[in-house]
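Thanks for asking me to look over this structure with you. Have the sequence and the picture open side by side, and let's go through my notes together.

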Amino acid sequence: MDSRYDIPRRAAGGGGGSANSSPAMGAQSRRRKMPPRPADFKLQIIIIGSRGVGKTSIMERFTDDTFCEACKSTVGVDFKIKTVELRGKKIRLQIWDTAGQERFNSITSAYYRGAKGIVLVYDITKQETFEDLPKWMKMIDKYASEEAELLLVGNKLDCEADRIISRQQGERFCSRISGMRFCEASAKDNFNVDEIFLKLVDDILSKMPLEVSNMELSNSILSLQPEPDVPPELPPPRMRCC
Ligand SMILES: Nc1nc2c(ncn2[C@@H]2O[C@H](COP(=O)(O)OP(=O)(O)OP(=O)(O)O)[C@@H](O)[C@H]2O)c(=O)[nH]1
């Protein structure tokens, strides 16, 4: 884990003594009963890209730290919630994972509008997923807010031996789109996955009229927290097919 991330740990029990007899432990158990601080912001992020590029895998790596070798294709849309802390602000991310198959475009396009951040993914080992990028850009132009932050991700970096799309090709495509960022990642190896979301959120925050907007990311502490089971605001059924 990158040193910029500060994962809150349970307080160490050390020093012996019973929980009842220690004033310090008493304070800790009182703290545990306090309700969690509500989020300062709620942001929606959507993940798009062609079939099989690893959209679901990127989302699940980020939200649950899991990876599925034989995932089923997403039907329509799916979502996960995760709360992150960035620059002292608590941000509740609603992450929408969309189906890559074209036949679902009429469903998935409805989710572009509310997204403050868009992650467009291709597979570095599959030429066609890179060639599809202009098609996805047209979807963004048509359905997304002009204010949405864009991030292009070349996924499956662990498959370097099978690479077809060079990093330079990805960077070149990205440089033609105003404001779009680029990175390569591996959901399988958990490489650059947290960075995708945190950098996107940071870019979104930096455009908000907040006191946080003037702070430097490099000087901030980023922390990730597992999200408790809170029902999301827009709950579509999770549907998967073979
Ligand atoms: N080697 C490798 N395989 C990956 C990676 N990410 C995803 N995969 C695999 O690629 C396949 C497709 O992954 P998904 O996450 O389902 O892809 P998707 O983009 O959500 O696919 P659709 O739902 O069909 O649009 C699965 O077999 C994953 O295990 C990665 O970083 N490296």
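Predicted model: local features only at pLDDT ≥ 70, side-chain atom pairs only at ≥ 80, totals over all residues.

Which residues in α2 are buried?

1. Residues are numbered from 1 along each chain as its sequence is written.

2. **Confidence.** pLDDT is the predictor's confidence in each residue, from 0 to 100. The protein chain has a mean pLDDT of 80, with 73% of its residues at 70 or more. Please be careful with residues 1–25, where the pLDDT is below 50; beyond near neighbours in sequence, that stretch has 16 contacts in the model. Residues 212–242 also have a pLDDT below 50, and there the model has 50 such contacts. (Two residues are in contact if their C-beta atoms, placed from the backbone, lie within 7 Å.) For the complex, the predictor gives an ipTM of 0.99 and a pTM of 0.78.

3. **The helix α2.** Here is the reply to the opening question: K55, T56, S57, I58, M59, E60, R61, F62 and T63 are buried. A residue is buried if 20 or more other C-beta atoms lie within 10 Å of its own, exposed if 12 or fewer, and partly exposed in between, with C-beta atoms placed from the backbone. Because 9 of the 10 residues of α2 are buried, the helix is largely enclosed by the rest of the structure. Helices (H or I, at least four residues) and strands (E, at least two) are DSSP runs, numbered from the N terminus.

4. **Around the ligand.** The shell holds 22 residues, and G54, C71, S73, T74 and G100 come nearest. The elements giving two or more residues to it are α2 (55–64) and β2 (73–74), and α2 gives the most, with 3 residues. (A residue is near a molecule if its C-beta atom, placed from the backbone, lies within 6 Å of it.)

5. **Two loop residues to check.** K156 is not a glycine, yet its phi is positive, about 75 degrees. You will find K156 in the loop between β6 (149–155) and α6 (167–175), and K156 counts as buried because it has 25 C-beta neighbours inside 10 Å. N190 is not a glycine either, and its phi is positive at about 55 degrees. N190 sits in the loop between β7 (181–184) and α7 (193–206), and is partly exposed, with 15 other C-beta atoms within 10 Å.
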